[in-house]
Amino acid sequence: MDVRTCAAFGFILFASYIVGGAMGNTNLHRARDVTWSSHNFKTLLTWGPKPTDYSYTVEFYGVGKDRERTRHCIRSKETECDLTGSLLNLKDTYYADVLSEPEMGASDLVEFPHSTSQKFCPYTDTLIGRPDFKYEVDKARNKITLFIQDQLSAISKDDKMLNMRDIFKDDLKYKQAPAAGGDEPPQCSPSQRPKTILDEFGLGVIAGGLLMLVAVAISVISLIVVCCRRRRASAGSGKDAEPLNLA
């Protein structure tokens, strides 16, 4: 092989490398449909399309804070990243960038195509599952007691899985969903117990009746005392007791 042939062959190899690198750069597809999904604080970031000769890296950050990465989502061929254990401050607002990166050494680009997610706050944006519940019926007292068991979250603390009430505390409130088919939802009603005299007549009427009874009792006692005194007075004077004129 002469010098000219070697030079030509070298030029072809060099041109192929340059063209191949340029083609590699043009095949970096920007991530699309970057979406948060979170259920009971199990938080995933998803996007598309499926990569071919490149990979994805996810960076996430709270507002006003530094960017972070999780090792499971660096140069990954997946289109999903589990950030459950990374978003530690549940009330913070987060964003995520999905970077499209070429194979190692296949590009000299410094900044790669990327797509940014919508904002996401775990505390307000996660979906809470329906709680488990059971009830007990007390027929003797005509009473139904409902016991609610809060759903477990995907968050753990001190080797304990936290439930919804552990996280939300007083902010956790359950509401009744509308019945299917447009029917009126069932309503909770107080237990039906036998009516007492207080329910029947009211406090004012009962108080008035008691005052009348006291007044009558006082009158009768006063009358008995007067009669006894007159009888004693008559016995002392030797006279027959005069009849008491009540008119």
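Reader: Which residues point one way from strand 3, and which the other way?

Author: Y54, Y56, V58, F60 and G62 point one way from strand 3, while S55, T57, E59 and Y61 point the other way, and all are buried, where buried means under 20% relative accessible area, exposed over 50% and partly exposed in between, with a 1.4 Å probe and protein chains only. Strands here are DSSP runs (E, at least two residues), numbered from the N terminus. This is a predicted model, in which local features need pLDDT of at least 70 and side-chain atom pairs count only at pLDDT 80 or more, whereas totals for chains, interfaces and linings use all residues. Residues are numbered from 1 along each chain as its sequence is written, and side-chain values use heavy atoms, with hydrogens and water left out.

Reader: Why is strand 3 described as largely enclosed?

Author: Because nine of the nine residues of strand 3 are buried, the strand is largely enclosed by the rest of the structure. As for the two directions, side chains in a regular strand alternate between the two faces of the sheet.

Reader: OK, and what does strand 3 pair with, parallel or antiparallel?

Author: Strand 3 pairs with strand 5, residues 94–102, in the antiparallel sense over nine bridges, and two strands count as paired if DSSP finds at least two bridges between them. Within that pairing, F60 stands opposite A96, and G62 stands opposite Y94.

Reader: How many strands are in that sheet, and in what order?

Author: Three strands form an open sheet in the order 3-5-6, with antiparallel pairing. The edge strands are strand 3 and strand 6 (114–116), each of which pairs on one side only. Neighbouring strands of this sheet are turned by 15 degrees against each other on average, direction ignored; the axes are lines fitted to C-alpha atoms, and angles run from 0 to 180 degrees between N-to-C directions.

Reader: What about N40, what is its phi, and is N40 buried or exposed?

Author: N40 has a positive phi of about 55 degrees although it is not a glycine, and it lies in the loop between strand 1 (32–39) and strand 2. At 8% relative accessibility, N40 counts as buried.

Reader: And D158, buried or exposed?

Author: D158 is exposed, with a relative accessible area of 70%. D158 has a positive phi of about 55 degrees, although it is not a glycine, and sits in the loop between strand 9 (152–157) and strand 10 (160–163).

Terms used: Helix = DSSP H or I, 4+ residues; strand = E, 2+ residues; numbered from the N terminus.
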